[in-house]
Amino acid sequence: MKDSAEIAETPAYNCPICHDTGWEEVKNGNYVAMRECSCGYMQRQRIAGKLKFASIPKEFEGHTVDNFQTDCYSSQGGRELALMAKTIAKKYVEQFSEIQESGKGLYFYSSVKGSGKTRLAVSIANDIIQEKMISAKFATTIQILDQIKATWGGASKNEETEQKLIHDIVSVPVLVIDDIGVEGVKDWINERFYNILNGRMIEKKITIFTSNCKIEELKFDDRIINRIVKMALPVQFPNESIRTAIARKENSELLDRLLGK
Ligand SMILES: Nc1ncnc2c1ncn2[C@@H]1O[C@H](COP(=O)(O)OP(=O)(O)OP(=O)(O)O)[C@@H](O)[C@H]1O
Ligand SMILES: [Mg+2]
Ligand SMILES: [Zn+2]
């Protein structure tokens, strides 16, 4: 514990110029103007705000494309597919400013669950936020549908509320739609996905999908499938579960610990 003398000596701020306000005073004669401090405080605040808005699940916070591993897949073919996916993701982020104008996103798929699709999709979003200062948002298809349903019930039942939500989802510059294809087939779901995806396609907004099936295997209307084909480049992931491999390793380590090995 710090004693009182130490506490008195420790400044309550990290930056001696702006005292962690982000703003520096600039005197010009009698005139005092404010400018952003060169310590980067305001930039960090902006990135923190964008990361909060992104609602990236805790499990994937802080992951970047660079720390996506490709050597953890057991087969040679798996490692090659993972390396291809990582290379595409890296180049995609590097060339994002030009690609953004085309509106082309990515579609990560593998039939086996736990192959790293969400991890890499989120990493792209993280990198775009931090390196390009562009807003991104993460949502599973179930979360999107639940949010839509929440605008229906009770006192807030209001078409305008739903329209506004769809409009907000359409406007996000980069949207990760996680686990598309698990939502079941219903007319109202087709209708909402059509509105969201058609809106994003027309506005040339970037969408990154993850799924357990190929685009053409999705059980949506053709008009939705056609739009996803137009909006995203399909990228195949290895049919191997890193989730299961990690779980096995954790269990074996726990067992060793419990048995005092
Ligand atoms: N290449 C990788 N390097 C390090 N960790 C990985 C890698 N791929 C996956 N993981 C880890 O394995 C777990 C499963 O990955 P993830 O959730 O991305 O799989 P998924 O393909 O999206 O699965 P699902 O099909 O169930 O949605 C996560 O904890 C993730 O961090
Ligand atoms: Mg996933
Ligand atoms: Zn400062």
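# Questions at the model

Guide: His 19 is found in the loop between helix 1 and strand 1. Helices (H or I, at least four residues) and strands (E, at least two) are DSSP runs, numbered from the N terminus. The model is predicted: local features need pLDDT of at least 70, side-chain atom pairs count only at pLDDT 80 or more, and totals for chains, interfaces and linings use all residues. Residues are numbered from 1 along each chain as its sequence is written, chains are lettered from A and ligands numbered from 1 in the order written, and side-chain values use heavy atoms, without hydrogens and water.

Visitor: What makes His 19 stand out in its backbone?
Guide: His 19 has a positive phi of about 50°, although it is not a glycine.

Visitor: Is His 19 buried, partly exposed or exposed?
Guide: Partly exposed, at a relative accessible area of 40%. Buried means under 20%, exposed over 50%, partly exposed in between (1.4 Å probe, protein chains only).

Visitor: Which phi does Asp 179 have, and where is its place?
Guide: Its phi is positive, about 65°, and Asp 179 is not a glycine either. Asp 179 sits in strand 5 (residues 174-180). Its relative accessible area is 24%, so Asp 179 is partly exposed.

Visitor: How do you know which residues are donors of the zinc ion (ligand 3)?
Guide: By distance. Donors are N, O and S atoms within 2.8 Å of the metal (3.2 Å for Na, K and Ca); water is not among the atoms, so sites may look incomplete. The SG atoms of Cys 15, Cys 18, Cys 37 and Cys 39 lie 2.3 to 2.4 Å from the zinc ion (ligand 3). They therefore pass as donors.

Visitor: Why is the site of the zinc ion (ligand 3) called tetrahedral?
Guide: The angles among its four donor atoms run from 103 to 115°. Four donors count as tetrahedral if all angles lie between 85 and 135 degrees. For contrast, four count as square planar and six as octahedral if opposite donors are over 155 degrees apart and all others between 65 and 115; anything else is irregular.

Visitor: How are the donor residues of the zinc ion (ligand 3) spaced in sequence?
Guide: As C-x2-C-x18-C-x1-C. Cys 18 lies in the loop between helix 1 (4-9) and strand 1 (23-28), and Cys 37 in the loop between strand 2 (31-36) and helix 2 (41-54), so this pair ties together parts that are 19 residues apart in sequence.

Visitor: Are Cys 18 and Cys 37 buried or exposed?
Guide: Cys 18 has a relative accessible area of 4%, so it is buried. Cys 37, at 5%, is buried too.

Visitor: Which domains does the domain assignment give?
Guide: Domain 1 (4-36) and domain 2 (48-245). The bounds come from an automatic or database domain assignment. The domain centres, taken over C-alpha atoms, are 42 Å apart.

Visitor: How many salt bridges does the count come to?
Guide: The count comes to 13. A salt bridge is a side-chain nitrogen of Lys or Arg within 4 Å of a carboxyl oxygen of Asp or Glu.

Visitor: What makes Lys 90 and Asp 66 a salt bridge?
Guide: Their N to O distance is 3.2 Å, so the pair falls within the limit. Lys 90 lies in helix 3 (residues 76-94) and Asp 66 in the loop between helix 2 and helix 3, so the pair ties together parts 24 residues apart in sequence. Lys 90 is partly exposed, at 35%. Asp 66 is exposed, at 52%.

Visitor: Which salt bridges does Glu 94 form?
Guide: One is with Lys 90, the closest N and O atoms being 4.0 Å apart. Another is with Lys 91, at 3.7 Å, N to O. Glu 94 and Lys 90 are four residues apart in helix 3, about one turn. Glu 94 and Lys 91 are three residues apart in helix 3, so about one helical turn separates them. Glu 94 is partly exposed at 45%, and Lys 91 is partly exposed at 43%. Asp 66, Lys 90, Lys 91 and Glu 94 are linked in a network of salt bridges.

Visitor: Which residues form the nonpolar patch on the surface?
Guide: Leu 254, Leu 255, Leu 258 and Leu 259, with about 420 Å² of accessible area together (Shrake-Rupley, 1.4 Å probe; for residues, only the protein chains shown count as cover). Patch residues have over 30% relative accessible area and no salt bridge; like charges are joined within 9 Å, nonpolar side chains (Val, Leu, Ile, Met, Phe, Trp, Tyr) within 5 Å. Leu 254, in helix 10 (residues 242-258), is partly exposed at 42%.
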